[in-house]
Amino acid sequence: MTVVQPSRDLRDGVDALLDRYAGLTERDHCVVVFAPDSREAAAWLVAGLKQRGIAAKAVGMRPLVDYGFAARLESAVPGPASFTGRLVVFTLERDTMSHFSPLQHLMQRFGSDRCMIVRIISASREFFEQALNLGPDELSARNAALLTRLTKARSVRVTSPGGTDLRIRLDAERYDWISNRGVWRPGGFTILPAGEIATYPAGIDGRLVADGALNCNVITRIDTRLADHPLTVDIADGRATGFTGGDDDVRELVELCFKQPHGMRVGELGFGTNNGIDRFIPANSHINERRIGVHIGFGQHNQDRAVVDYEEKVHLDLITDGAELHIDDDPEPVDLADLPLTGDEHPRLVRDEDITGDCCGFGYGELTDPAAASAII
């Protein structure tokens, strides 16, 4: 395979990942785990590690199901007593996030203070060029500014330049807020790309005009950008009642997702906070979800089953290009693109990850064949 030479923006992204997000030193030992679709991204990362003189090994894996992966991973990891720094494991995949169990076992063996696991989905040139322009401290400040208001609010009205107008009830006592900000927390995985807060809405009604992009846990190669053909979805009592717009490919995917048993239920209210991402990209990607705007996730929800009692495998995010928030009917809206930072400390009782197990990788066959879908992780 021919590896495309990295641009300056790409090299800056590699530097940001290694320095600002991972905080690597020469005492650390790194393992770069990659799926076949992310071989080139892994090569750029390994090159950056070599330039720093940091010991690193590369381990290939098959996504989702790879019975030999745990043994290959263990063989690439030196004994804890053989080096003085941390073990830092980077995993790179484009469409999936795989093998949480062996990675978690590795963290338990080394201890949470000596093992950092950075999980990258949507690994690509765009990931390095777009998603890492802001560091974890900046994203924490942006997320904190929103969370300090929204976790105390009872309602929010969300509007967008494209025509979105949603009235949403909030209940932070019942439904967890999630804050993905790229901050390493000992004992937890760092999920990238970062830049989002999300919860489950206690109620939602109105109209969503998704003119940014879509992101779905179904493998697809369609152009997911929606600027030229926005999707309009009417929502009543927490469910989509119908949609219009989109090109032929987008409509087919949305129809398949909505046909799932709980596919039309709103399972997520999310706000992208990473204003370092300056454009939507064609790929089905978490990068688009982190860009400034609101995204409504249909199907799979982000709460404990004891709190929200339905289960759905498919998750479809429909994303706006920008958004304003009218919190508790405050006449002065909060513009996500021009978010005033408050200096508030980031709340501690907020989950850090929006992916907590093996994720994604559905194909169209699983959407059309319920028996096949039930067998997917």
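Is Pro 6 buried, exposed or partly exposed, and what is its relative accessible area? In the predicted model described here, Pro 6 is partly exposed, with a relative accessible area of 25%; buried denotes under 20% relative accessible area, exposed over 50%, and partly exposed the range in between, computed with a 1.4 Å probe on protein chains only. Because the model is predicted, local features need a pLDDT of at least 70 and side-chain atom pairs count only at pLDDT 80 or more, whereas totals for chains, interfaces and linings use all residues. Residues are numbered from 1 along each chain as its sequence is written, and side-chain values use heavy atoms, with hydrogens and water left out.

The pLDDT, the predictor's confidence in each residue on a scale from 0 to 100, averages 93 over the chain, and 94% of the residues score at least 70. Over residues 371–377 the pLDDT is below 50, and this stretch has nine contacts in the model beyond near neighbours in sequence; a contact means heavy atoms within 4.5 Å. Where pLDDT is low, the predicted coordinates should not be read in detail.

Pro 6 is located in the segment before helix H1. Helices (H or I, at least four residues) and strands (E, at least two) are DSSP runs, numbered from the N terminus. Leaving aside neighbours within four places in sequence, Pro 6 is in contact with Arg 11, Trp 44 and Arg 125. Pro 6 and Ala 41 are separated by 35 residues in sequence and by 9.8 Å in space, C-alpha to C-alpha.

Both Ala 41 and Trp 44 belong to the buried residues of helix H2, which also include Ala 42, Leu 45, Val 46, Gly 48 and Leu 49. The buried residues of H2 pack against helices H1 (8–21) and H5 (125–130) and against strands E1 (29–34), E2 (55–60) and E3 (87–92). The 13 residues of H2 (residues 39–51) should span 18 Å at 1.5 Å a residue, and the end C-alpha atoms are 19 Å apart, which agrees; the expected span is 1.5 Å times one less than the number of residues. H2 is followed by Gly 53, whose phi is positive, near 70°.

Six strands form an open sheet with antiparallel pairing, in the order E7-E9-E14-E15-E16-E11; two strands pair if DSSP finds at least two bridges between them. Strand E7 (178–180) and strand E11 (213–216) are the edge strands, each pairing on one side only. From one strand to the next, the twist averages 20°, with axes taken as lines fitted to C-alpha atoms, for helices over the stretch in contact, and angles running from 0 to 180 degrees between N-to-C directions. Within this sheet, strand E15 (residues 293–299) and the antiparallel strand E16 (residues 315–319) are joined by five bridges, and Gly 297 stands opposite Asp 317 in E16.

A further open sheet, also antiparallel in its pairing, is formed by seven strands in the order E13-E12-E10-E6-E5-E17-E18. Its edge strands, each pairing on one side only, are strand E13 (239–245) and strand E18 (334–335). Five bridges connect strand E6 (residues 165–169) with strand E10 (residues 203–210), and the two run antiparallel; Ile 168 stands opposite Ile 204 in E10.

Helix H6 (residues 136–150) lies across E7, strand E9 (196–199) and strand E14 (266–272), at about 25° to E9. H6 also lies across strand E5 (155–159), strand E17 (324–327) and E18, at about 30° to E17. Helix H7 lies across strand E12 (231–236) and E13, running at about 165° to E13.

Thr 190 is placed in strand E8 (residues 190–192) and counts as buried at 2% relative accessibility. Not counting residues up to four places away in sequence, Thr 190 touches Met 116, Ile 117, Val 118, Arg 119, Gly 182, Val 183 and Trp 184.

One disulfide, defined as a pair of cysteine sulfur atoms within 2.5 Å, is found in a search of the whole structure. The bond joins Cys 359 to Cys 360, with an S to S distance of 2.2 Å, and both cysteines are buried. The sulfur of Cys 257 lies 3.6 Å from the closest cysteine sulfur, in Cys 216, and is therefore too far for a bond. For Cys 30, the closest cysteine sulfur is that of Cys 115 at 11 Å, likewise too far for a bond. Cys 30 is buried, with a relative accessible area of 0%, and Cys 257 is buried at 2%.
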